[in-house]
Amino acid sequence: MKAEEQEGSEGFPFIIRRAREEDIDQVMEVNLASLPENYWYSFYVYVLNEWGDAFLVAEHQGKIIGYIMNRVEETHDKVLMGLENELTERPGKSEGLLDAIRRRFSESAKVGHVISIAVLAEYRRKGVGSALMQEAINVLKSKYDVDAIYLEVRVSNTPAINLYEKFGFEKVRIIKGYYRDGEDAYVMVKRLKPVQ
Ligand SMILES: CC(C)(COP(=O)(O)OP(=O)(O)OC[C@H]1O[C@@H](n2cnc3c(N)ncnc32)[C@H](O)[C@@H]1OP(=O)(O)O)[C@@H](O)C(=O)NCCC(=O)NCCS
């Protein structure tokens, strides 16, 4: 991936590029300052080794100000493939639990999973989060050939939900008590391939 300088809003200059192992300390600082969901150093190394092309950082004047980390998974769950929406498609009265399960699961497919995205507070609302998401979508499509991309987000996290909706992600499921403090998560999905 070429790391060309971009301009966010009001001419704010930054670069989006693939993460390197020497960036991990700074990525951890961005994560710790931005989110209660934190990871060990070795987890970042693992993600970098496994799906490094989809681990991106935003750099401004030599400093890491944001990141996005993704992994690639196989799933049988049609909701995660962007083929079913649990929030809008309620099963018919006559449909039993087994029918619903059968309907919801199918042949496996490859999907991208956004593990984490964050931008340091002082650099937000300048287009950095959008640039990270756009490049992650490009890479997951072109290098990993995924059918869809999904993620979990706190139901109260309006800035992130707005960002994801801007990129065409849809709320498809609620996971009750997903976060350690008991908050629910929305699962949001963006389908990349046409539905056959
Ligand atoms: C979510 C996050 C990554 C967005 O980064 P960002 O660099 O500010 O994003 P952008 O400037 O590209 O904004 C993109 C869109 O996100 C939405 N958005 C961003 N901040 C917002 C806010 N404070 N309130 C409402 N919408 C917001 C808007 O739709 C915005 O588009 P617009 O500027 O055209 O209105 C950033 O707010 C962040 O790091 N939050 C803390 C970490 C976090 O919650 N991560 C997500 C975990 S699931």
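In what sense do E5 and strand E6 (residues 148-154) pair, and over how many bridges? The two strands pair in the parallel sense, over 3 bridges. That pairing comes back in one of the views below, all of which show a predicted model.

**View 1**
Start with the overall layout: 8 strands form an open sheet, and the order reads E1-E2-E3-E4-E5-E6-E8-E7. The pairing is mixed. Strand E1 (5-7) and strand E7 (170-175) sit at the edges with a single partner strand each, so one side of each has no neighbour in the sheet. Going from one strand to the next, the twist averages 30°.

**View 1. Strands E2 and E3, side by side.**
Here we zoom in on E2 (residues 13-18) and strand E3 (residues 56-60). The two run antiparallel and are joined by 4 bridges. If you want a residue pair to find your bearings, take Arg-18, whose bridge partner in E3 is Leu-56.

E4 and E5 pair in the antiparallel sense, over 11 bridges. Look for Arg-71, because DSSP bridges are what define the pairing: the bridge partner of Arg-71 in E5 is His-113. His-113 also has a bridge partner in E6, namely Tyr-150. The E5 and E6 pairing is the parallel one from the opening question, with its 3 bridges.

**View 2. The crossover from E5 to E6.**
Which helix goes with E5 and E6 in a β-α-β unit? It is helix H4 (residues 128-142), and the unit is right-handed. Two loop residues are worth a look here, Arg-125 between E5 and H4 and Asp-145 between H4 and E6. Most residues other than glycine have a negative phi. Arg-125, though not a glycine, has a positive phi of about 60°. Asp-145 is not a glycine either, and its phi is positive too, at about 50°. As for accessibility, Arg-125 counts as exposed at 82%, while Asp-145 counts as partly exposed at 42%.

**View 3. Around the ligand.**
How many residues surround the ligand? There are 21, and the closest are Val-119, Arg-125, Gly-129, Ser-130 and Asn-157. Several polar atoms come up to ligand oxygens. A polar backbone atom of Gly-129 is 2.8 Å from an oxygen atom of the ligand, and for a polar backbone atom of Lys-126 the distance to a ligand oxygen is 3.2 Å. Asn-157 uses its side chain instead, with a polar atom 2.7 Å from an oxygen atom of the ligand.

**View 4. Helices H1 and H2 across the sheet.**
Helix H1 (residues 24-34) lies across E3, strand E4 (63-77) and strand E5 (105-119), and runs at about 80° to E4. Helix H2 (residues 41-51) lies across E2, E4 and E5, with an angle of about 65° to E4. Which residues of H2 are buried? Phe-43, Tyr-44, Val-45, Val-47, Leu-48 and Trp-51 are. Their cover includes E2, H1, E4 and E5.

**View 5. Leu-35, in the loop between the two helices.**
Leu-35 lies in the loop between H1 and H2. With a relative accessible area of 22%, Leu-35 is partly exposed. Leaving out residues up to four places away in sequence, Leu-35 touches Tyr-67, Ser-116, Ile-117 and Ala-118. Take Ser-116 from that set: Leu-35 and Ser-116 are 81 residues apart in sequence, yet 9.0 Å apart in space, C-alpha to C-alpha.

Note on methods:
Residues numbered from 1 in each chain as written. Predicted model: local features only at pLDDT ≥ 70, side-chain atom pairs only at ≥ 80, totals over all residues. Heavy atoms only, no water. Axes fitted to C-alpha atoms, helices over the stretch in contact; angles between N-to-C directions. Contact = heavy atoms within 4.5 Å. Right-handed = clockwise from strand over helix to strand, strands pointing away. Near = heavy atom within 4 Å. Polar contact = N/O pair within 3.5 Å; in protein donor to acceptor, adjacent residues only side chain to side chain. Buried < 20%, exposed > 50% of the residue type's maximum accessible area, 1.4 Å probe, protein only.
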